[in-house]
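Welcome! Open your viewer, get your selection tool ready, and follow along one stop at a time.

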Amino acid sequence: MSSPDRHVRAMLPIPDRPAPGLTTYDAKDPDTSFAPIEPLLPPSGAPHVVVVLLDDVGFGASSTFGGPCRTPTADRLATRGLRYNRFHTTALCAPTRQALLTGRNHHSVGMGSVTEAATAAPGYTSLRPNTKAPLAMTLKLNGYSTAQFGKCHEVPAWQTSPMGPFDGWPTGGGGFETFYGFIGGENNQWEPSLYEGTTPVEPPATPEQGYHLTEDLADRATGWMRQQKALMPQRPFFVYFAPGATHAPHHVPREWADRYRGEFDDGWDVARERTFARQKAAGVIPPEAELTDRCAEIPAWDDMPDELKPVLARQMEVYAGFLEHTDHQVGRLVDTLEDLGILDDTLIFYIVGDNGASAEGTINGAFNEMANFNGMAGLETPEFLRSTMDELGSPTSYNHYAVGWASAMCTPFQWTKQVASHWGGTRNGTVVHWPRGTAGPGGVRSQFTHVIDLAPTVLEAAGIPEPTTVNGVLQSPMEGTSMLDTFTEPDAPERHDLQYFEMAGNRGIYHRGWSAVTKHRTPWLMVGHQPPPFDEDVWELYDGHSDHSQARDLAAERPEVLAGLQRLWLIEATKYGVLPLDDRLSERINPTLAGRPTLIQGDSQLFFPGMGRLSENSVVNVKNRSYAVTAEVDVPAGGARGVLIAQGGRFGGWAVYLHEGRLTFCYNVLGIRIFTTRAGDPVPAGVHQVRAELAYDGGGLAKGGDVSLWVDGAAAGTGRVEMTQPMIFSADETTDIGREEGTPVSPDYTGPTSRFTGRIHWVQLDVGKDDHDHYVDPEERLRVAIARQ
């Protein structure tokens, strides 16, 4: 029989309480006696906890829930565990993640959208209030070891630089003792930008050496678990494994994609029908469930051009291989738990997707998904897509599949990621495996559950109370509901019976079986698209008691029910900080218009050698404007080569560098068009000031500009950039001084050859300034740069 827990766990950190007793003068006194020091541990019987959260996987993708992508690890866990077929997310990655990690609705923790679109409105700041401590912090302060591997998209955009602050980082205020992964929404699986804790690190190998990010994350996670059990066998751990897979880019070794050769040649409409049949046969949807109609905005497979269909089929083969490859890496974690003899004592949540499948890849799909985010998808013509088909999934691609496949991966529901109104955007298959704490292996649970229910469930399973104070701050109650009772009771009453949904104006409400929803914005219509006024949105009504998939709209038949749910949505939206609704896109990318801080003030920024891993939010914005780069360099005898400054990478960006000694400016548009201007003569030995200017044409977004090069104020070359990227260079590449990390902007160099072979004194970036001298006075440089910032 275990001894009673003596700790006051509702107040964190747990207050130290010295034991009363006799204090002697001399430690050799026979009456000297002290209780031995005991490490803080969770209550007896607290399980290990592993939370696996995949990225951008729809309900109908994995074989575990009837999909065409084989996921044997999830299948294996479901056979001995439970499948939840009415588990819900928020419809977007960062909001789902912050909700999961805190047990609160996403607007309650300031994550009404992604961090890059944060505003000053309380529900959208991307700042987690200190009154809502994350689950990992609560577990750590109760004696758990904690570690996160993979994606962290909860750091406010202005806090992503190497100088922090690190309050929002996993090992800062997130409660994780260990973090290995990346900061942001997505990453290149072949050449990622990685952090260990808050320190930038390089991948341990190259793509040519067989490197892949998901495999690396699994290596780190399994190694950490083994070491933790070897050194702390009595202490349970909490592992959060959140790979960037299967978010675009869909990067996977070719052999995994080739496993699906020919399996999608019949197209997405046939794929939906086959998945629907498998789902019924597997019992993951009710027998009376209906397959919803394909959304009118998504073309039928038969209406797609015949010459494009092989490309479209290959896109889905690559995605399916990517998902199976990811599931295989999760299997390595499960195998490690089994090897350590703790699998049955580990509570595993395997959440197959943080939202529905992504429809951000356009009607035709994308070789570089950044094209659509810049409103430039038209550059990827059918001819271009056919010419690059064999590269899909490889290091030379940054690919995404067509929206028809996203719809098929959300079978049997309507819509996809971002569309929080419909189950296609928010319903994600989830597996719970904990033989010691569940009953009825292989069962299906159909209670309405939500990602905010995970944190209270874990605390109840561990016997840890929800804290009332953390680090001296009074905590607000968690907004989720423990689902622990469903682990052993298949027919347990539904406890989570009210839940609002909202994302970019797409909104809905669930209440006791009924759902009222309205779709406001279409996911793949981005730059230049203006959705209708909110009051013109058309609401739909569904009775979930008899309509599992939201197939029969009852709004016209039951207007009184619809009106009541609309009012209830407004009440919940007010309660949790959803208002004001915000469907803006380009305005929210601009920090000043959005009302969020920006790291760099003014129109000038000064860099020094060695600086690097600077996100786009850490550098003055050069898009749709004229700008100039000036650098003072010391060229050795024999000349120099290498990068002075580079922003972005192979799939979009710009760089100033010396090639064969000659000053060069390169502007790379999405990896599709590359414009290079090079000086006629090498920069001679000695200290010199080199400068590259882009004079933007003006007149709107994405226009071109004239390029001029200068050495010590003298003209050295001219050129032309015909177009520019107006919104974003890259979601994962950074700005580096004196070398280029990640993929190269220019084919003139590679990562190893990008390092500048001379010496850089400083680099200055000026935006919107017309300097007729084409020269920066060294004596004025520092004073002016600081004043501008």
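Is R512 exposed or buried? Select R512 and look: at 55% relative accessibility, R512 counts as exposed. Here buried means under 20% relative accessible area, exposed means over 50%, and partly exposed lies in between (1.4 Å probe, protein chains only).

Before we move on, a word on what you are looking at. This is a predicted model, in which local features need pLDDT of at least 70, side-chain atom pairs count only at pLDDT 80 or more, and totals for chains, interfaces and linings use all residues. Residues are numbered from 1 along each chain as its sequence is written, and side-chain values use heavy atoms, with hydrogens and water left out.

**Stop 1: the partner of R512**

The side chains of D497 and R512 meet in a salt bridge, at 3.3 Å from N to O. A salt bridge is a side-chain nitrogen of Lys or Arg within 4 Å of a carboxyl oxygen of Asp or Glu. This pair links distant parts of the chain, 15 residues apart: R512 sits in the loop between strand 17 (506-511) and strand 18 (514-518), and D497 in the loop between helix 13 (485-488) and strand 16 (498-503). Helices (H or I, at least four residues) and strands (E, at least two) are DSSP runs, numbered from the N terminus. D497 counts as partly exposed, at 24% relative accessibility.

**Stop 2**

Select K575 and E572 for another one, with the closest N and O atoms 3.0 Å apart. These two residues are three residues apart in helix 14 (residues 559-576), so about one helical turn separates them. K575 is exposed at 51% relative accessibility, whereas E572 is buried at 5%.

Next, pick D258 and R261: their salt bridge has its closest N and O atoms 3.4 Å apart. D258 is partly exposed, with a relative accessible area of 29%. Then select D55, R97, K151 and D354 together, which are linked in a network of salt bridges.

**Stop 3**

Switch to a cartoon view. You will find 10 strands forming an open sheet with mixed pairing, in the order 8-7-6-5-9-2-10-11-3-12. Two strands pair if DSSP finds at least two bridges between them. Which strands stand at the edges? They are strand 8 (199-201) and strand 12 (443-445), and each has a single partner strand, so one side of each is left without a neighbour in the sheet.

Inside the sheet, colour strand 2 (residues 48-53) and strand 10 (residues 346-351): they pair in the parallel sense over six bridges. Look for V52, whose bridge partner in strand 10 is Y350.

**Stop 4**

Select helix 7 (residues 309-339). Its 31 residues reach 45 Å from the first C-alpha to the last, close to the 45 Å expected at 1.5 Å a residue; the expected span is 1.5 Å times one less than the number of residues. Helix 7 is mostly covered, with 25 of its 31 residues buried. After helix 7 comes G341, whose phi is positive, near 75°.

**Stop 5: a buried glutamate**

Finish at E693, in strand 26 (residues 686-696). E693 counts as buried, at 14% relative accessibility. A polar contact of 2.7 Å joins its side chain to that of R691. A polar contact is a pair of N or O atoms within 3.5 Å; within protein, one must be able to donate a hydrogen and the other to accept it, and residues adjacent in sequence count only if both atoms are side-chain atoms.
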